Amino acid sequence: MAERIAEEKVNEIRQAVEIVDVIGDYVQLKKQGRNYFGLCPFHGENSPSFSVSPDKQIYHCFGCGAGGNVFSFLMDIDGLSFQEAAVKLADRANIELKLEGQAAGRNPQLPEGSKQMIEAHELLRKFYHHLLVNTKEGQDALEYLLNRGFTQESIDRFQIGYALPSWDFSVKLLEKRGFSLELIVKAGLVIQRENDGTYFDRFRNRIMFPILDHQGNTIAFSGRAMGDEEPKYLNSPETQIFNKSKTLYNFHLARGSIRKQQQAVLFEGFADVISANRAGVENGVATMGTSLTEEHISLLKRNVQAVTVCYDSDKAGIEAAFRASSMLSKAGVTVRVAMMPDGMDPDDFIKMHGEEKFRNDIIGSSATLMAFKLIYYRRGKNLQNEGDRLQYIEEVLKEISTLDKAVEKDLYLRQLANEFSLSLDALIQQLNQLVQASTPKKQNQPRPESRPVSYTRKSDLKPAYHTAERRMIYHMMRDADIAYKVQEMLAGSTLNIDEHQAIITYLFAYYEKGHDPDPGAFLNYLQDNKLKRVVADIEMMPLNEEISDQELSDYIKQVLNYQKMLKIKEKMAEQKQAERQNDFLRAAAIATEIIHLRKTL
């Protein structure tokens with residue numbers, strides 16, 4: 001069982017860290033008014049509904065309802081336990097936490113099998129790196145890398161290593177360290193022979209590139225052959241800790257640079273990332289031998305809104321760049337495409353032309369998405385041929401019709417008209433036809449006015465008693481006297497919303513333990529995540545800190561009146577039942593009760 005952290009220490013951590021800075025490591029935030037807004041990291045969205053309050057040190061998403069404080073954010077975003085979130089924040093704030101056991105260990109929130117798989121990968125990563133840089137056995141592999149342009153700095157940064165030619169080095173090492181053979185087979189590190197059931201290493205005599213998840217845990221490897229051995233790259237299989245569709249290579253190391261530059265560079269593979277990093281491009285990430293996925297895009301969007309795609313210039317690379325850039329653009333990301341010379345990849349270009357030229361002429365001179373599409377649609381066409389020329393013009397016009405900005409449309413239309421000596425009016429006419437054909441017809445619908453983006457709470461009209469209960473809780477969390485006054489005025493009645501009643505029950509217990517009013521500390525006191533979300537939503541209400549006796553009485557009246565209205569409805573149903581049974585004396589008595597209840601409203 002994890003060691004409990006004293007409440008005083010928890011509060012010290014909470015007060016020492018700034019929630020905007022912590023969440024800003026994961027979400028691109030923009031200040032508007034007193035709060036910060038961004039795209040929610042817990043559900044897919046294109047319009048910012050995720051709000052962070054530096055004054056109240058809480059966050060809340062008006063879209064999916066996620067909310068809480070800095071501890072709950074780390075618990076939700078990284079899947080941490082409360083103890084590990086506290087350890088992470090304490091380390092950030094330079095606060096000493098003397099913990100032993102699970103709370104101080106790495107990844108206590110993961111299932112036991114996953115933790116052991118990560119530990120096995122971490123152990124091999126360290127051994128592979130040690131073998132490469134410190135042993136005679138790794139000397140040839142080290143010289144091979146240095147001769148290919150790798151530096152000692154990049155070898156250390158990316159923890160590149162070397163796997164011995166031995167068939168059972170990893171098997172013996174991991175078994176000696178207490179890892180079961182069944183587990184390391186599932187982890188993809190060793191393979192069991194079918195004929196005799198014995199085990200052998202998956203990676204042998206290869207340069208090893210460790211693959212880390214977004215928290216910095218080693219979860220897989222890619223091994224490169226040094227000679228003509230096939231395959232050239234041997235990759236770990238997908239396991240319960242390694243999913244290619246969700247993993248971006250180097251994201252853990254690049255995240256700081258991505259956020260600082262407000263741009264990510266997307267490469268096809270990890271070798272391109274390492275080469276580009278040597279050239280000073282530190283914000284590079286790559287997919288793991290798979291096409292770009294929605295999960296990859298969601299991860300990028302949480303951190304940046306601009307991505308430069310830099311893929312190989314062969315046919316497959318250009319097709320992949322077109323697909324990736326189209327997906328990113330559709331998701332609302334600003335896209336540029338870095339064009340490589342024919343047949344070259346980033347590593348080739350850097351070796352031939354140098355690091356500075358790669359930074360300036362390739363990444364720094366990347367094309368807009370539309371400019372790239374013009375090049376893409378030209379491929380394989382003879383523009384001297386009338387049929388090819390007309391097809392190209394039609395494809396380009398379709399792309400121009402999707403552009404939002406009038407200036408962009410005008411620019412590319414004029415460019416098309418000049419290149420092929422066409423009438424600008426004719427192009428505009430055809431463009432309008434394309435737009436009309438793609439726009440669903442709506443009768444009698446006024447044209448919507450364009451409005452500036454604003455970050456507001458979703459319009460969700462609640463009953464008066466619901467709003468009254470939330471406003472009371474807002475003030476009860478700030479003043480214990482008001483809390484006990486509400487308890488007295490309710491006179492044994494409960495709140496109408498179950499979550500609200502649960503919250504004030506916990507709040508009274510919180511006060512009974514001698515705690516001072518503090519919404520942030522109360523959030524830590526709550527154990528139920530659903531209730532934490534409700535409290536975070538209440539905390540985001542734009543209310544005055546002061547409350548008058550009259551205002552409080554009005555809230556109580558709304559709460560109790562709703563209960564009376566329910567009672568009246570119940571009595572009216574009883575009255576109708578009595579009338580159906582011809583029990584008119586009972587029906588008259590119930591009618592008198594209803595009149596009395598209505599007078600009390």
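Here are some friendly notes on the predicted model shown above.

1. **Ground rules.** This is a predicted model, in which local features need pLDDT of at least 70, side-chain atom pairs count only at pLDDT 80 or more, and totals for chains, interfaces and linings use all residues. Residues are numbered from 1 along each chain as its sequence is written, and side-chain values use heavy atoms, with hydrogens and water left out.

2. **Confidence.** The predictor's confidence in each residue is called pLDDT and runs from 0 to 100. The protein has a mean pLDDT of 88, with 93% of its residues at 70 or more. Helix α26 (residues 584-600) has the lowest confidence, a mean of 73, while strand β6 (residues 161-163) has the highest, at 98. Helices (H or I, at least four residues) and strands (E, at least two) are DSSP runs, numbered from the N terminus.

3. **Places to read with care.** Over residues 101-105 pLDDT stays under 50, and the model has ten contacts beyond four places in sequence for them. Residues 447-459 also stay under 50, with twelve such contacts. Contact here means heavy atoms within 4.5 Å. Where pLDDT is low, the predicted coordinates should not be read in detail.

4. **Around P48.** You will find P48 in the loop between β2 (35-38) and β3 (50-53). P48 is partly exposed, with a relative accessible area of 22%; buried means under 20%, exposed over 50%, and partly exposed in between (1.4 Å probe, protein chains only). Although P48 and F37 are eleven residues apart in sequence, their C-alpha atoms are 6.2 Å apart in space.

5. **Strand β3 and its partners.** β2 and β3 run antiparallel and are joined by three bridges; two strands pair if DSSP finds at least two bridges between them. Across from V52 in β3 stands Y36. β3 also pairs with strand β4 (residues 58-61), again antiparallel, over four bridges, and S51 faces H60 of β4. Both faces of β3 are covered, with F50 and V52 buried on one side and S51 and S53 buried on the other. The hairpin of β3 and β4 has four residues between the strands, and Q57 takes a positive phi near 60 degrees there.

6. **Strand β10.** Why call strand β10 (residues 218-225) largely enclosed? Eight of its eight residues are buried, so the rest of the structure largely encloses β10. Strand β9 (residues 206-212) pairs with β10 in the antiparallel sense over seven bridges, and P210 stands opposite F221. Their hairpin has five residues between the strands, with G216 at a positive phi near 95 degrees. Strand β11 (residues 233-235) is antiparallel to β10 and joined to it by three bridges; there, N235 is the bridge partner of S222.

7. **The nonpolar cores.** A nonpolar core is a set of buried Ala, Val, Leu, Ile, Met, Phe, Trp, Tyr and Cys residues joined through side-chain atoms within 4.5 Å. The largest has 59 residues, and I160, Y249, C310 and F358 have the most contacts inside it. Helix α5 (residues 112-134) gives this core its largest share, eight residues. Another core lies apart from it, with 44 residues, including L266 and V304. In soluble globular proteins, nonpolar side chains tend to be buried together.

8. **A closer look at I160.** Leaving aside neighbours within four places in sequence, I160 is in contact with residues including H129, L132, F150 and I274. P210 is also among them.
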